[in-house]
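Visitor: I would like to go through this structure by its labels. For each one, tell me what value stands behind it.

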Amino acid sequence: MRIGIPRETRDSETRVAATPETVKKYVAAGHEVLVEQAAGLAAHFSDQAYEQAGAKIVDAAQTFAAPLILKVRAPSASELPGIASGTTLVGMLDPFDEAGLDAMAHGGLTAFSLEAAPRTTRAQSLDVLSSQANLAGYKAVLLGAHYYGRMFPMMMTAAGTIKAARVVILGTGVAGLQAIATAKRLGAVVEASDVRPAAKEQVESLGGKFIDVPFETDEEREIAQGVGGYARPMPASWMQRQAILVSERCKQADLVISTALIPGRPAPTLISAETVRAMKPGSVIVDLAVERGGNCPLSQKGLVVYENGVALVGLTNLPGMLATDASALYARNLLDFLKLIIDKDANLAIARDDDIVVACLVCEGGKNLRKK
């Protein structure tokens with residue numbers, strides 16, 4: 001099997017879909033790996049390192065001519081025409097981007113979007129959302145610390161005592177939990193909120209305090225359980241109670257990190273404009289949901305803006321700011337997924353009875369399989 005590894009061309013995308021570590025394993029398994037020149041430079045993987053691992057350094061056209069292509073992001077409009085019908089593509093292709101999937105289907109691609117993998121124990125090793133969100137949560141705290149401009153830990157000096165920073169985390173999925181752990185390591189006082197009752201134990205195990213919004217009905221309690229590890233939209237009455245409580249906590253916070261997302265839907269609004277204007281000058285909001293509209297209506301995608309002295313950090317692709325580690329984890333996710341679609345003779349063999357493979361298959365035979 002020839003495997004193509006193109007250089008990512010989307011703005012600010014520094015990651016790469018294979019590292020010298022995974023290339024070496026592909027070559028050992030009998031595959032030919034074609035890596036585009038400079039594909040890994042932004043993640044600090046040199047062409048020489050890929051060659052030493054057994055890859056061939058080629059131009060973009062040759063990587064896109066391979067029957068199996070591994071990417072980080074979906075092909076751009078300029079890249080799609082260079083990919084032949086019948087090619088198999090694996091990457092983070094955004095299974096909720098109907099237009100993008102339609103374009104890949106129209107091009108005759110067999111496409112696998114790893115974000116669609118089920119949240120099961122067997123799929124953990126190829127869970128790209130978790131591997132990348134973990135890094136995003138860590139980087140969000142560092143960005144918050146940078147724009148906060150003061151110290152996180154309490155410090156007692158001869159000149160007086162510096163109080164510990166107060167950090168509020170909204171949403172305690174993988175990114176939120178990593179943000180709690182990182183903020184605690186930096187010495188902050190941390191509080192966190194989530195719709196799922198099971199999150200309370202996780203937050204407290206990391207040393208955070210859970211912002212508890214009591215459930216008033218069985219319906220609220222049932223919806224809060226979520227589906228497949230993901231949150232579900234809560235009833236309006238619960239959202240109103242949460243908004244009041246979260247608003248009070250945010251007004252007292254020095255840093256707020258919002259991570260709340262619901263797959264396939266716009267990000268829920270958790271921090272109102274009124275709350276932002278009531279926050280202390282010098283405080284910071286890092287909105288990890290900004291690509292889906294943001295948890296705060298004042299956040300702006302790709303920018304850091306200020307409102308009444310409060311910094312709103314809307315920078316995107318935080319895992320890409322840790323490109324070496326992000327690429328290493330993502331490349332291992334891909335390596336584990338390919339074991340499910342390549343047989344022992346190094347040939348493509350799509351297992352139709354495998355729940356992970358079926359869940360990730362988004363395009364085949366000219367059809368967008370996600371289209372309802």
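Guide: Start with the elements: helices (H or I, at least four residues) and strands (E, at least two) are DSSP runs, numbered from the N terminus. By that naming, Asn317 sits in the loop between β15 (310-313) and α11 (323-341). This is a predicted model, where local features need pLDDT of at least 70, side-chain atom pairs count only at pLDDT 80 or more, and totals for chains, interfaces and linings use all residues. Residues are numbered from 1 along each chain as its sequence is written, and side-chain values use heavy atoms, with hydrogens and water left out.

Visitor: Why is Asn317 called buried?

Guide: Buried means under 20% relative accessible area, exposed over 50%, and partly exposed in between (1.4 Å probe, protein chains only). Asn317 has a relative accessible area of 10%, so it is buried. Its phi is near 50°, a positive value in a residue other than glycine.

Visitor: What is the phi of Ala38, and where is Ala38 placed?

Guide: Phi of Ala38 is near 70°, again positive in a residue other than glycine. Ala38 belongs to the loop between β2 (32-36) and α2 (47-52). Its relative accessible area is 25%, so it is partly exposed.

Visitor: What makes Pro81 buried or exposed?

Guide: Pro81 reaches 67% relative accessibility, so it counts as exposed. Its place is the loop between β4 and β5. Phe64 is 17 residues away in sequence, and the two C-alpha atoms are 9.6 Å apart.

Visitor: Why is strand β5 described as largely enclosed?

Guide: Five of the five residues of β5 (residues 88-92) are buried, so the rest of the structure largely encloses this strand.

Visitor: How do you know which strands β5 pairs with?

Guide: Two strands pair if DSSP finds at least two bridges between them. Strand β4 (residues 68-73) and β5 have four bridges, in the parallel sense. β5 and strand β6 (residues 110-113) also pair in the parallel sense over four bridges. Ile69 has Leu89 in β5 as its bridge partner. Val90 stands opposite Phe112 in β6. From β5 the chain crosses through helix α4 (residues 98-106) to β6, and this β-α-β crossover is right-handed. That label applies if, with the strands pointing away from the viewer, the path from the first strand over the helix to the second runs clockwise.

Visitor: What makes β3 and β17 edge strands?

Guide: The open sheet has eight strands in the order β3-β2-β1-β4-β5-β6-β16-β17, with mixed pairing. β3 (56-58) and β17 (367-368) each pair on one side only.

Visitor: What makes Arg7 and Glu36 a salt bridge?

Guide: Their N to O distance is 3.9 Å, and they count as a salt bridge. Arg7 is in the loop between β1 (2-5) and α1 (20-28), Glu36 in strand β2, 29 residues apart. Arg7 is partly exposed at 36%, whereas Glu36 is buried at 10%.

Visitor: Which parts of the chain does the salt bridge of Asp354 and Arg122 link?

Guide: The two side chains meet at 2.8 Å, N to O. Asp354 is in the loop between α11 and α12 (355-360), and Arg122 is in the loop between β6 and α5, 232 residues apart. Asp354 is buried, at 12%. Arg122 is partly exposed, at 45%.

Visitor: How many salt bridges are there by this rule?

Guide: The count comes to 22. Glu8, Lys71 and Glu79 are linked in a network of salt bridges.

Definitions and conventions: Salt bridge = Lys/Arg side-chain N within 4 Å of Asp/Glu carboxyl O.
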